Amino acid sequence: WNFSPAVPAPPSPIQYGLETGLHYAHIGAPDSGFFGVGGDLPGGDGNLFVVPIHLWGGYYLEQARAFFGIHSGADLLMASNRTSIDVGRTGKANFFPAVGFRVGWDTSQNFALGFQGSWTLASNEAVFTGLLGVTIPLA
């Protein structure tokens, strides 16, 4: 959600809001490859669900039609198999602090590209996530 337009003030390049969602990753066994396959160690397959709860803020460069921002908040990590990822806590669902950045490019009135990187600061292993997005208005 972008709260900037809801604020009764002159238009500003400073934008901010709240973000949440759901990310899914198949992480496989501890020794598996990039796509979570090909592991020989016991522990089996694992899936990771990340629910980000972030506050974000940034600056929109109107001439370049580009947005640069940062975010901070908490990520809820839920692992289906705890042996696949060692986050340093017991339990299948844990909250951890998170920080990250975002960049976007508004190509026209009907199309925008964006990239977001996030770093979840888990106790034993940091979790990095990246999200590439396309925005197409429907109305």
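Predicted model: local features only at pLDDT ≥ 70, side-chain atom pairs only at ≥ 80, totals over all residues.
Reader: Is Ser 118 buried or exposed, and where is Ser 118 found?

Author: Ser 118 has a relative accessibility of 7%, so it counts as buried. It is found in strand 6, residues 111-120, where a strand is a DSSP run of E with at least two residues, a helix is a run of H or I with at least four, and both are numbered from the N terminus.

Reader: How many helices and strands does the protein have?

Author: The protein has zero helices and seven strands, and along the sequence they give the pattern β-β-β-β-β-β-β. Of its 139 residues, 29% are buried.

Reader: What does Ser 118 touch?

Author: Contact means that heavy atoms lie within 4.5 Å. Leaving out residues up to four places away in sequence, Ser 118 touches several residues, including His 54, His 71, Asp 75 and Phe 128. With His 71 there is also a polar contact between the side chains, at 3.3 Å. A polar contact is a pair of N or O atoms within 3.5 Å; within protein, one must be able to donate a hydrogen and the other to accept it, and residues adjacent in sequence count only if both atoms are side-chain atoms.

Reader: Which side chain of opposite charge is nearest to Asp 75?

Author: For charge, Lys and Arg count as positive and Asp and Glu as negative, while His and the chain ends are not counted. A salt bridge needs a side-chain nitrogen of Lys or Arg within 4 Å of a carboxyl oxygen of Asp or Glu. Asp 75 lies in strand 4, residues 66-79, and is buried yet has no salt bridge, the nearest side chain of opposite charge being Arg 102, 9.9 Å away. The side chain of Asp 75 does make a polar contact of 2.6 Å with the side chain of Thr 120, and among the other residues that Asp 75 touches are Val 50, His 54 and Phe 96.

Reader: Which residues make up the largest nonpolar core?

Author: A nonpolar core is a set of buried Ala, Val, Leu, Ile, Met, Phe, Trp, Tyr and Cys residues joined through side-chain atoms within 4.5 Å. The largest one here has nine residues: Leu 48, Val 50, Leu 77, Ala 79, Ile 85, Val 87, Phe 96, Ala 122 and Val 127. Strand 3 (47-61) and strand 4 each supply at least two residues of this core. Phe 96 is in contact with residues including Asp 75, Leu 77, Val 87 and Ala 122.

Reader: How many aromatic pairs are there, and why is the pair of Tyr 24 and Phe 49 called tilted?

Author: Rings of Phe, Tyr and Trp (its six-membered ring) pair if their centres lie within 6.5 Å; planes under 30 degrees apart count as stacked, over 60 as edge-to-face and the rest as tilted. A search of the whole structure finds four aromatic pairs. The rings of Tyr 24 and Phe 49 have centres 5.3 Å apart and planes at 50°, so this pair is tilted. The pair links distant parts of the chain, with Tyr 24 in strand 2 and Phe 49 in strand 3, 25 residues apart. In Trp 119 and Phe 128 the ring centres are 5.9 Å apart and the planes are at 5°, so that pair is stacked.

Reader: How accessible are Tyr 24 and Phe 49?

Author: Tyr 24 is exposed, at a relative accessible area of 51%, whereas Phe 49 is partly exposed, at 31%. The side chain of Tyr 24 also joins that of Asn 47 through a polar contact of 2.9 Å.

Reader: What is the phi of Arg 65?

Author: Most residues other than glycine have a negative phi. Arg 65 is not a glycine, yet has a positive phi of about 55°; its place is in the loop between strand 3 and strand 4.

Notes. Residues numbered from 1 in each chain as written. Heavy atoms only, no water. Buried < 20%, exposed > 50% of the residue type's maximum accessible area, 1.4 Å probe, protein only.
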